[in-house]
Amino acid sequence: MMVSDIVGQIHVLLGLPGSGKGTQAGRICADIDIAHLSSGVLFRGFGAHIDSANQNNSIRRYIDRGELVPDDLACNVVMHEIESIHRKGKGVILDGFPRTLNQAEFLDKSLAERGGNITSVINLYVSEEISLERILSRGRHDDLPEIARRRLDLHQQLSAPVLDYYRSEGRLLVVNGDRDEDEVQADLLRAIGSQI
Ligand code: AMP
């Protein structure tokens with residue numbers, strides 16, 4: 001298989017749904033020259049390369065049920081996108097990926113094959129209560145109470161091992177997400193090593 005070199009920075013932003021990952025990643029990208037790759041946005045149909053109607057429909061069915069897109073599909077789509085961002089010479093903040101231990105292992109392996117590695121892993125921490133409160137106030141179509149609860153339960157079940165994986169290797173930084181947006185952003189920028 002042809003693998004292209006990964007040259008830029010790769011920051012992984014972890015956190016429960018509603019932790020503010022998306023908002024914060026968006027703000028950081030407006031401040032420093034780095035791309036924001038949200039797997040949720042990608043899978044909700046804005047990814048230009050998810051162009052087959054079938055694939056699009058099957059991804060949508062998982063999202064609408066509050067379930068995760070299967071690992072192999074998620075990994076391929078996200079890796080393809082990381083490569084295209086790196087071809088433009090940019091670094092990337094990953095928001096929403098990896099979400100399972102398989103995805104985390106896949107990411108390390110794929111980056112190593114391409115001569116790269118993760119620059120930083122940050123958990124934007126908020127409690128479950130705050131997560132649920134924030135999800136329900138967003139009003140997205142997959143943010144109905146039962147679906148939101150299901151996404152949160154799934155998240156806890158599947159993503160806890162991801163946190164453990166990075167923590168056990170001493171790679172996990174934690175930022176408290178239950179504060180003023182500016183304070184959170186300043187801490188995140190410090191964590192990714194780009195203070196402004
Ligand atoms: P989010 O915007 O991150 O809450 O993601 C919305 C939906 O997209 C999730 O409920 C999943 O169905 C899907 N999704 C996002 N990221 C991933 C991922 N890394 N692996 C599998 N499914 C994902």
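**Cavity.** (A cavity here is a set of points on a 1 Å grid over the protein atoms alone where a 1.4 Å probe fits but cannot get out; lining residues have an atom within 4 Å of a point.) The largest cavity holds about 50 Å³, volume being the space filled by probe spheres set on the points, which are joined across faces, edges and corners.

**Lining.** I listed H11, V12, L13, I28, I93, I122, L188 and I192 around the largest cavity. Seven of the lining residues are nonpolar, one is polar and none is charged. Strand 1 (residues 10–14) gives the most to this lining, with three residues. (Strands are DSSP E runs of at least two residues and helices H or I runs of at least four, numbered from the N terminus.)

**Cores.** Next I checked the largest nonpolar core, which has 31 residues; F43, L94, L107 and Y166 touch the most other members. (Such a core is a set of buried Ala, Val, Leu, Ile, Met, Phe, Trp, Tyr and Cys residues joined through side-chain atoms within 4.5 Å; buried is under 20% relative accessible area with a 1.4 Å probe, protein chains only.) Helix 4 gives the most to this core, with eight residues. I also noted another core, apart from it, of 14 residues, including I32, V175, V184 and L188.

**Bookkeeping.** I number residues from 1 along each chain as its sequence is written, and side-chain values use heavy atoms, without hydrogens or water. As the model is predicted, local features need pLDDT of at least 70 and side-chain atom pairs count only at pLDDT 80 or more, while totals for chains, interfaces and linings use all residues.

Conventions
1 Å grid on protein atoms, 1.4 Å probe; cavity = no way out; pocket = protein on both sides within 12 Å on 5 of 7 lines; lining within 4 Å. Nonpolar A, V, L, I, M, F, W, Y, C, P; charged D, E, K, R; others polar. Buried < 20%, exposed > 50% of the residue type's maximum accessible area, 1.4 Å probe, protein only.
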